[in-house]
Amino acid sequence: MFAIHLGGGDENAVLRPLEPWHAEEYFAHIDRGREYIGRFIGLAAAAEDLDAARAFLQSYADKQAADAGRIYGIWLDGTLVGGVLFRLFDAKAGTCEVGCWLEESAVGRGLVTRAARVLIDWAVEERGVHRVEWLVSSGNTASINVAKRLGMTRDGVRREAHAYRGVRHDQEIWSVLAPEWRESR
């Protein structure tokens with residue numbers, strides 16, 4: 001299986017597909033970071049047990065087969081610590097949404113930024129995507145900072161648009177267009 005080294009001083013940081021056969025490793029990873037990962041996104045809730053983790057990864061295998069999404073893990077020193085994904089992918093329309101998650105132990109190393117760059121490069125250069133979106137809770141400063149480091153523009157805020165854990169959250173929409181991406185690279 002392929003692995004892309006993420007560089008940046010982390011010689012043992014790699015990005016590779018996250019597939020259903022990784023379910024046990026994925027579930028252990030989510031369990032380690034459940035509270036931290038679950039602060040702003042429902043990813044941890046989608047993997048309450050091993051069967052649910054496997055089903056979640058299978059849903060992305062199905063999305064990939066339909067060319068509608070993909071999911072990749074970030075491994076650091078051989079341990080799964082986070083990931084990036086195309087939550088939505090529509091090559092025909094030229095749009096996609098990129099998302100991420102990370103265990104607290106791996107924060108502050110630039111792993112998500114570097115991994116997201118790999119996804120955006122592929123979407124823009126290989127698949128001809130014109131608009132890449134990043135949706136984030138207004139309270140998720142770390143994710144907003146990733147969007148900024150990726151050169152994205154804040155398009156706007158959907159006020160109280162996202163219900164999570166019984167609370168309505170503002171959702172920011174960030175994006176980068178293919179010409180802007182190419183110019184910044």
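Q: How many bridges join strand β7 (residues 153–164) to β8?
A: Strands count as paired if DSSP finds at least two bridges between them. Here 8 bridges join β7 to β8, and the two run antiparallel. Within this pairing, R154 stands opposite W174 in β8. The bridge partner of A163 in β8 is R168.

Q: What am I looking at?
A: This is a predicted model, where local features need pLDDT of at least 70, side-chain atom pairs need 80 or more, and totals for chains, interfaces and linings use all residues. Residues are numbered from 1 along each chain as its sequence is written, and side-chain values use heavy atoms, without hydrogens or water.

Q: Which residue takes a positive phi in the hairpin of β7 and β8?
A: Look at the turn. The hairpin has 2 residues between the strands, and R165 takes a positive phi near 55°.

Q: Which strand pairs with strand β6 (residues 131–137)?
A: Strands are DSSP runs of E, at least two residues; helices are runs of H or I, at least four; both are numbered from the N terminus. Strand β6 pairs with strand β8 (residues 167–177). The sense is antiparallel, over 7 bridges. R131 stands opposite L177 in β8. So β8 pairs with β6 and with β7.

Q: How many aromatic pairs does a search of the whole structure find?
A: Rings of Phe, Tyr and Trp (its six-membered ring) pair if their centres lie within 6.5 Å; planes under 30 degrees apart are stacked, over 60 edge-to-face, the rest tilted. The search finds 6 aromatic pairs. Take Y26 and F56: their ring centres are 5.9 Å apart and their planes at 10°, so the pair is stacked. Y26 is in helix α1 (residues 23–37) and F56 in helix α2 (residues 50–65).

Q: Are Y26 and F56 buried or exposed?
A: Buried means under 20% relative accessible area, exposed over 50%, partly exposed in between (1.4 Å probe, protein chains only). Both Y26 and F56 are buried.

Q: Why is the pair of F89 and W122 tilted?
A: Their ring centres are 5.6 Å apart and their planes at 35°, so the pair is tilted. F89 is in strand β4 (residues 79–90), W122 in helix α3 (residues 111–126), 33 residues apart. F89 is buried, with a relative accessible area of 6%. W122 counts as partly exposed, at 25%.

Q: Which residues do ring pairs link into a cluster?
A: Ring pairs link Y26, F56, Y60 and W101.
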